[in-house]
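Here are my notes on the model, as promised. Have the coordinates open while you go through them.

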Amino acid sequence: MALVLFNTFTRKKEEFIPLEPPYVRMYNCGPTVYDTFHIGNARNFVVVDVIRRYLMYKGYKVKFVQNITDIDDKIIARAQQEGASTEEIARRYTEYYFKYINLLGIMPADENPRATEFIPQMIEFVQKLVQKNSAYVVDGDVFFRIKSYPHYGELSGKKLDDLKKGARVDVDPRKEDPLDFALWKSAKPGEPYWESPWGKGRPGWHIECSVMSMAHLGETLDIHSGGIDLIFPHHENERAQSESLTNKQFVRYWLHNGFLNIESQKMSKSLGNILTIDSILEQYDPEVVRYFLISAHYRHPLDYSQTNLREAKSAWQRLVDSTITTDEIIRLLLKDGSIRESDIAQMNETIEQRLSTFRSQFEQAMDDDFNTAEAIAALFNIVGEINTLRENINQQLKNGHSPEPGKVSYLSALNKLLKELIGVLGFRLPEKPTLSSELTDNLIRILVDIRQKARQQKLFEFADMIRSRLNELGIVLEDHPQGTIWKFKQ
RNA sequence: GGCGACGUAGCCAAGUGGAUUAAGGCGGAGGUCUGCAAAACCUCUAUUCGGCGGUUCGAAUCCGCCCGUCGCCUCCA
């Protein structure tokens with residue numbers, strides 16, 4: 001099956017063919033570490049994480065690079081505001097960034113280059129552009145000359161004339177063209193700086209990504225991603241300067257995720273509706289947040305609301321519950337000897353067939369421009385099959401028959417498949433009791449046994465007390481025909 | 001002003017010319033199971049896809065107009 005993705009550049013879905021299969025060079029515009037990151041940033045990080053994981057699942061060898069912009073105007077502004085150094089600010093929010101992407105279950109990038117580590121390469125890059133006449137120097141600033149790059153505007157689909165008409169910012173009169181942008185900025189007094197051929201200064205914000213992506217991935221990237229707002233001017237400028245330097249295609253596939261809105265409105269500082277990721281993770285499990293973030297197609301706008309998060313929580317719960325209950329039921333069946341490990345391992349063609357139908361439903365969805373909404377639907381179809389099957393086995397049990405080994409092995413295989421695909425989307429299921437919590441498990445089982453005795457003797461008040469006291473501790477008991485199982489309340 | 005996206009059940013959200021009952025989830029109603037629960041299962045919850053026209057044998061899917069929502073063009077994921 002061919003993987004198809006929507007390329008912002010062509011505005012079409014295209015089959016994904018990396019430059020040198022099976023290698024994939026992937027770059028995502030990372031954070032500028034001047035502040036905490038918000039749920040909208042999280043959407044980008046999670047979406048890109050899912051894309052990366054799926055490419056790996058498909059057998060690609062992905063090298064994933066995400067930069068950290070640790071010097072720029074906003075960091076300087078923040079530092080001055082707080083009377084701190086830019087390094088301090090950058091360090092603080094870099095830590096924050098790593099802490100929270102880790103909590104969100106985002107795989108660490110293969111490389112996280114920082115802008116300040118690549119200043120010499122940036123200077124060299126700019127120098128070459130000046131030599132090629134693609135850039136010019138004015139009073140210690142260096143500007144990119146967009147006239148030198150005939151393809152300017154192609155990525156964002158903008159006409160240069162329209163851009164000029166729509167300009168809402170005062171134009172720097174030293175620019176040859178209002179659309180020329182800074183490659184190197186001279187330092188004002190009190191600002192951090194690096195020595196350069198043009199005097200003291202710092203890199204412009206677009207040059208960083210070009211330099212750092214090329215440093216780690218070469219001159220042509222397979223995938224370059226970011227939020228939809230980065231198309232213009234950031235990615236347009238990256239493309240212009242990179243291709244001017246190399247005369248090669250900079251990016252094969254441009255991917256952009258849609259915005260996350262708050263109550264249908266864009267998040268912005270001026271509206272004061274920024275939701276930082278830490279405030280959300282205080283209320284919701286990271287997996288719930290991930291579920292919410294990929295419950296809609298990545299290119300569509302997504303609306304944040306408490307209702308939507310609560311909905312995600314219930315849906316995620318259904319997924320988790322199915323896997324836990326199935327695990328526990330199989331465990332009980334093994335324990336009382338009504339089924340054996342060797343029975344479970346038994347596969348046959350019918351089972352294989354059905355499993356692959358479920359798997360391919362998932363893959364078809366993901367192959368179609370990473371349609372996570374549909375992929376999740378595929379997951380729920382598996383859940384439905386599992387739960388119906390379990391019900392079926394319950395029925396047999398109640399009728400005094402021991403469960404058919406074929407059914408149990410199908411159940412077990414479905415459960416395994418479900419867990420695998422949940423993992424492909426980057427979700428983490430609650431962990432099995434570890435060695436340290438084995439004691440807990442054993443203690444609860446003692447209580448479960450005592451309650452069972454009480455129920456047999458119709459001491460329901462006593463039995464219910466055990467159940468409700470455990471419930472107060474966040475432990476839920478469920479009585480199944482195979483026996484009683486326990487779970488942690490979510 | 002220029003460019004673009006979107007409008008599918010109470011809510012979230014796939015589908016984008018014809019197999020098909022228009023996925024899946026949340027919520028709700030009724031039932032089954034249970035000592036009671038929980039979880040789960042079963043049934044029901046869009047003759048219809050913002051509105052009006054058009055193209056077509058056939059449209060939620062294509063075209064036009066209208067209404068509504070949102071975004072980019074400026075730092076921004």
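1. Start with helix H1 (39-57), which gives the lining of the largest pocket its largest share, five residues. A pocket here is an open set of points on a 1 Å grid over the protein atoms alone, with protein on both sides within 12 Å along at least five of seven lines, and lining residues have an atom within 4 Å of a point. Helices (H or I, at least four residues) and strands (E, at least two) are DSSP runs, numbered from the N terminus.

2. Before you go further, some ground rules. This is a predicted model, in which local features need pLDDT of at least 70 and side-chain atom pairs count only at pLDDT 80 or more, while totals for chains, interfaces and linings use all residues. Residues are numbered from 1 along each chain as its sequence is written, chains are lettered from A and ligands numbered from 1 in the order in which they are written, and side-chain values use heavy atoms, with hydrogens and water left out.

3. Back to the largest pocket: about 1200 Å³ of space lies in it, where a volume is the space filled by probe spheres set on the points, and grid points are joined across faces, edges and corners. Its lining counts 43 residues, and those nearest the centre are His 38, Asn 41, Lys 74, Asp 229 and Leu 230. Besides H1, the elements giving two or more residues are helix H3 (86-103), helix H6 (205-217), strand E9 (221-227) and helix H7 (231-246). By residue class the lining splits into 19 nonpolar, 16 polar and eight charged. For the classes, Ala, Val, Leu, Ile, Met, Phe, Trp, Tyr, Cys and Pro are nonpolar, Asp, Glu, Lys and Arg are charged, and the others, Gly among them, are polar.

4. The largest cavity holds about 100 Å³. Of its 13 lining residues, Phe 64, Gln 66, Tyr 97, Ile 106 and Met 107 are closest to the centre. H1, strand E4 (61-66) and H3 each give two or more residues to this lining, with the largest share, four residues, coming from H1.

5. The lining includes Val 47, Val 50 and Ile 51, along with Leu 293, Tyr 298 and Phe 370.

6. Which peptide bonds are cis? One runs from Pro 21 to Pro 22, with omega near 0°, and Pro 22 is in the loop between strand E2 (12-15) and strand E3 (23-28). Another joins Phe 232 and Pro 233, with omega about 0°; Pro 233 belongs to helix H7, one of the elements that line the largest pocket.

7. On helix packing, the axes of helix H10 (residues 306-335) and helix H14 (residues 405-424) come within 10 Å and cross at roughly 140°. Axes are lines fitted to C-alpha atoms, for helices over the stretch in contact, and angles run from 0 to 180 degrees between N-to-C directions. Contact means heavy atoms within 4.5 Å, and the residues making it include Trp 316, Leu 319 and Ile 330 of H10 and Leu 411, Asn 415 and Ile 422 of H14. Eight of the contact residues are nonpolar, five polar and two charged.

8. Finally, the domains, whose bounds come from an automatic or database domain assignment. Chain A is divided into domain 1 (4-304), domain 2 (318-430) and domain 3 (433-490). The C-alpha centres of domain 1 and domain 2 are 41 Å apart, and their contact takes 25 residues from domain 1 and 22 residues from domain 2.

Methods. On a 1 Å grid over the protein atoms alone, a cavity is a set of points where a 1.4 Å probe fits but cannot get out, and a pocket is an open set with protein on both sides within 12 Å along at least five of seven lines; lining residues have an atom within 4 Å of a point.
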